[in-house]
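Q: Hi! I'm new to this one and would like a friendly walk through it. Could you show it to me before we start?

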Amino acid sequence: MNILFEIVVQQGFILDLFGVIGLGLVGLGALRLARRMDSRSAACMTWGALSMLAGRVGILLYVHLTTATQRAEWDVWMLSIARNVPVGLLTLGLGAIVYGFWSHEKEVGEWAEVR
């Protein structure tokens, strides 16, 4: 079978690529919000997007660049770190993005009350 077909279609490379691009766009949107509206919460959203991006790249590296033989040679603690740190980064990043959106909505509400 064609190696390119296996990587792109069967291993879900296209979906992974779109996921990474989407997380990058969330980060860029948060940076733009921070610069345009001087929003404190946009920094939280930016760090959340970067955390999710790092977690997603960590999962991709674990899945696509390691083999079952390599993982069998690792110690239990190395295997636990390789599996759990990216998932923790994804969870932390999602929480930061949600908190950033909530906080920004509160800031906008406060600005509307002042005016």
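This is a predicted model: local features need pLDDT of at least 70, side-chain atom pairs count only at pLDDT 80 or more; totals for chains, interfaces and linings use all residues.

Q: Thanks! How many helices and strands does the protein have?

A: There are five helices and zero strands. Read from the N terminus, the order is α-α-α-α-α.

Q: What is the mean pLDDT of the protein?

A: The mean is 81, and 90% of the residues reach 70 or more.

Q: Okay, new topic. What share of the residues is buried?

A: Of the 115 residues, 25% are buried. As for the accessible surface, it comes to about 8200 Å², and carbon and sulfur atoms account for 69% of that.

Q: Which residues make the nonpolar surface patch?

A: Phe13, Ile14, Leu17, Phe18, Ile21, Leu25, Leu28 and Leu31 make a patch of about 760 Å². Leu28, one of them, is located in helix H2.

Q: Is Leu28 buried or exposed?

A: Leu28 is exposed, because its relative accessible area is 54% and the cut-off for exposed is over 50%.

Q: What about Leu33, where is that found?

A: Leu33 is also a helix H2 residue, and that helix covers residues 13–37. Leu33 has a relative accessible area of 19%, and buried means under 20%, so Leu33 counts as buried.

Q: What does Leu33 touch?

A: Leaving aside residues up to four places away in sequence, Leu33 touches Asp38, Ser39, Ala42, Met45 and His104. For a sense of spacing, Leu33 and Thr46 are 13 residues apart along the chain, and their C-alpha atoms are separated by 9.7 Å.

Q: Let's hop to Ser41. Buried or exposed?

A: Ser41, which sits in helix H3, is buried, with a relative accessibility of 4%. Its contacts, again without residues up to four places away in sequence, are Gly100, Ser103, His104 and Glu107.

Q: How much of the contact pattern joins residues at least 24 apart?

A: Among contacts between residues at least 6 apart in sequence, the share is 69%.

Q: Now the rings! How many aromatic pairs are there?

A: The count comes to two aromatic pairs. In one of them, the ring centres of Tyr62 and Trp74 are 6.4 Å apart and the planes meet at 50 degrees, so that pair is tilted.

Q: Where do Tyr62 and Trp74 lie?

A: Tyr62 is in helix H3, whereas Trp74 is in the loop between helix H4 (68–73) and helix H5 (76–114), so the pair ties together parts that are twelve residues apart in sequence. Tyr62 is buried at 16% relative accessibility, while Trp74 is partly exposed at 28%.

Q: And what about Tyr99 and Trp102?

A: Tyr99 and Trp102 also form a tilted aromatic pair, 5.7 Å from centre to centre with 40 degrees between the planes. Both lie in helix H5, three residues apart, which is about one turn of the helix.

Q: How accessible is Tyr99?

A: Tyr99 is partly exposed, with a relative accessible area of 45%.

Notes:
Residues are numbered from 1 along each chain as its sequence is written. Side-chain values use heavy atoms; hydrogens and water are left out. Helices (H or I, at least four residues) and strands (E, at least two) are DSSP runs, numbered from the N terminus. Buried means under 20% relative accessible area, exposed over 50%, partly exposed in between (1.4 Å probe, protein chains only). Contact means heavy atoms within 4.5 Å. Accessible areas come from the Shrake-Rupley method with a 1.4 Å probe; for residues, only the protein chains shown count as cover. pLDDT is the predictor's confidence in each residue, from 0 to 100. Patches are made of residues with over 30% relative accessible area and no salt bridge: like charges are joined within 9 Å, nonpolar side chains (Val, Leu, Ile, Met, Phe, Trp, Tyr) within 5 Å. A salt bridge is a side-chain nitrogen of Lys or Arg within 4 Å of a carboxyl oxygen of Asp or Glu. Rings of Phe, Tyr and Trp (its six-membered ring) pair if their centres lie within 6.5 Å; planes under 30 degrees apart count as stacked, over 60 as edge-to-face and the rest as tilted.
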